[in-house]
Amino acid sequence: MKENQYKQALQSALRLALDFLDRLDEDPVDVSLSYEELKSLWQWELPTEGMKPEAVVEEVNLSARPGLKLNQSGRFFSWVIGGSHPSAVAVDWLTAVWDQNAGLYAGTPSSSIVEEIAGSWLKQLLHLPEKASFAFVTGCQMANFVCINVARNHLFRQVGWDFETHGFYGAPKMRVICGDAKHNTITRALRMLGFGSEAVVNIPTDEKGTISVDALRQEFVRDSTSPTMVLLQAGEIHTGAFDDFKSIIPIAHQHNAWVHIDGAFGLWANANPKYAHYLEGAEDADSWATDGHKWLNVPYDSGFAFTAHPSSHFQAMTNNADYLSYNEQARDQYNWNPELSRRARGFTTYATIKELGVRGIADLVDRCCVHASAIVEGIGALPNALILSHPIINQGLLRFVHPNTPEDELSNDIFTLAVIEAINKTGEALFQPSTFKGRKCMRVSVSGWRTSDDDVHRTIAAARLAIEKVGRQVNEKN
Ligand SMILES: Cc1ncc(COP(=O)(O)O)c(C=O)c1O
């Protein structure tokens, strides 16, 4: 047998990967080196000569490790970033070894079949219509892109305009209605799809970031005829709040509007009956976007687009060519996706759902919500801490109040940022600052499967020390 040229490189990768994972409880969650220091760890000159694969693996590991944030840790609460489940990581390695081009069935039958199965499982888990079409994409950005693309062409067809043939030139005006707290990836998807800001009507949102139903109704009174898409949200990025699908979707449908739901993480509330009421009515939408790499804890890149209009989805995305072979029976992914050549994304999702089962996924959702509440309430009970938003699901907001000038919101902003920095510097936990409704705040985002009660206690203890430390520094300055 020919010598296996992968063996030593893969063995090195396994050893280094296990070392990384074994140290997750001890290593600092944040990166402590500066940009200049991190840059200096890499070779910048173009290599003239090659080197042995296992040596490359060792060197890449050495250069990269100090600049890695520990997303996989149970104390990573910065952005909605999950870890990855063991079976999914291992299957992701296999996916790389198999190196399949999952653009079409003929390229790799197994990659196509596994997406068919995983797509059907996802629809069941997320309570979406059985007949919904789907696409496995790189993330929720592209899931929003695919859904809005399908929506645009479908809506134009409804008013007799064939967008696939004529494009925007001479097309009737289309309106996009969304909340002013929409995710930035919606704005970018719209931009990529030819909608400038003038096409967008931003509806005001409440203190949780959800759309005012009355204002939306008024907008349809103002203009009841333009082809319209309504972009709603399941899981506002700061508060985790849900738009009122039950009220809004029937209003939009009365006006033949297309309703899309960006549920990057919030759609997963449907995987646990305890939280599913937040999504009441969402099953009547026309499209849904979500992520695998957030709450399901599938490795990157993994997002899912679904639509209730398979023929419109197919028509908007299909991209056949003479040299490709179209399969009548099986799923050709390029008919649903924005890419042709692509990674075989279905395997990791399939593996994760197999590893957890419906019960394990429900438990994951619940655990994250319970831990988010425990962190927000635990830190919120500390001196100089203020809860801005109790978690509805797995997102909450805290603010820190200046010990000497608590009435001055500007010094509270500065104090909040200083406390977040001090917590992150401990290496015990990682949080992200943000601004919500004009005030600086600390986002508490719990999406990782590893977070335990112990992680919650360690985090609250680190926050206590950080608040005390920043408080002392403030007093020393005065
Ligand atoms: C509500 C919402 N929509 C869309 C996205 C974009 O998802 P991705 O980063 O997977 O493209 C995010 C990411 O945080 C999100 O929270």
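**A tour of the ligand shell and the cysteines**

Select the ligand to begin: 15 residues surround it, and the closest are Gln141, Ile237, Asp262, Asp291 and His293, where a residue counts as near a molecule if one of its heavy atoms lies within 4 Å of it. This is a predicted model, in which local features need pLDDT of at least 70 and side-chain atom pairs count only at pLDDT 80 or more, whereas totals for chains, interfaces and linings use all residues. Residues are numbered from 1 along each chain as its sequence is written, and side-chain values use heavy atoms, with hydrogens and water left out.

Next, colour the shell by class, which gives four nonpolar, eight polar and three charged residues. Then select helix α6 (residues 140-158), which contributes three residues, the largest share of that shell.

Now turn to the oxygen atoms of the ligand. A backbone N or O atom of Cys140 lies 3.0 Å from a ligand oxygen, while an N or O atom in the side chain of Asp291 is 2.7 Å from one, and a polar side-chain atom of Lys294 is 3.1 Å from one. Of the 390 Å² of accessible area that the ligand has on its own, the protein covers 84%, as computed by the Shrake-Rupley method with a 1.4 Å probe.

Finally, select Cys368 and Cys369. The structure holds zero disulfides, a disulfide being a pair of cysteine sulfur atoms within 2.5 Å; the sulfur of Cys368 is 6.8 Å from its closest cysteine sulfur, in Cys369, and therefore too far for a bond. Cys368 counts as buried because its relative accessibility is 1%, and Cys369 counts as buried at 3%, the term meaning under 20% relative accessible area (1.4 Å probe, protein chains only).

Definitions and conventions
Buried < 20%, exposed > 50% of the residue type's maximum accessible area, 1.4 Å probe, protein only. Polar contact = N/O pair within 3.5 Å; in protein donor to acceptor, adjacent residues only side chain to side chain. Helix = DSSP H or I, 4+ residues; strand = E, 2+ residues; numbered from the N terminus. Nonpolar A, V, L, I, M, F, W, Y, C, P; charged D, E, K, R; others polar.
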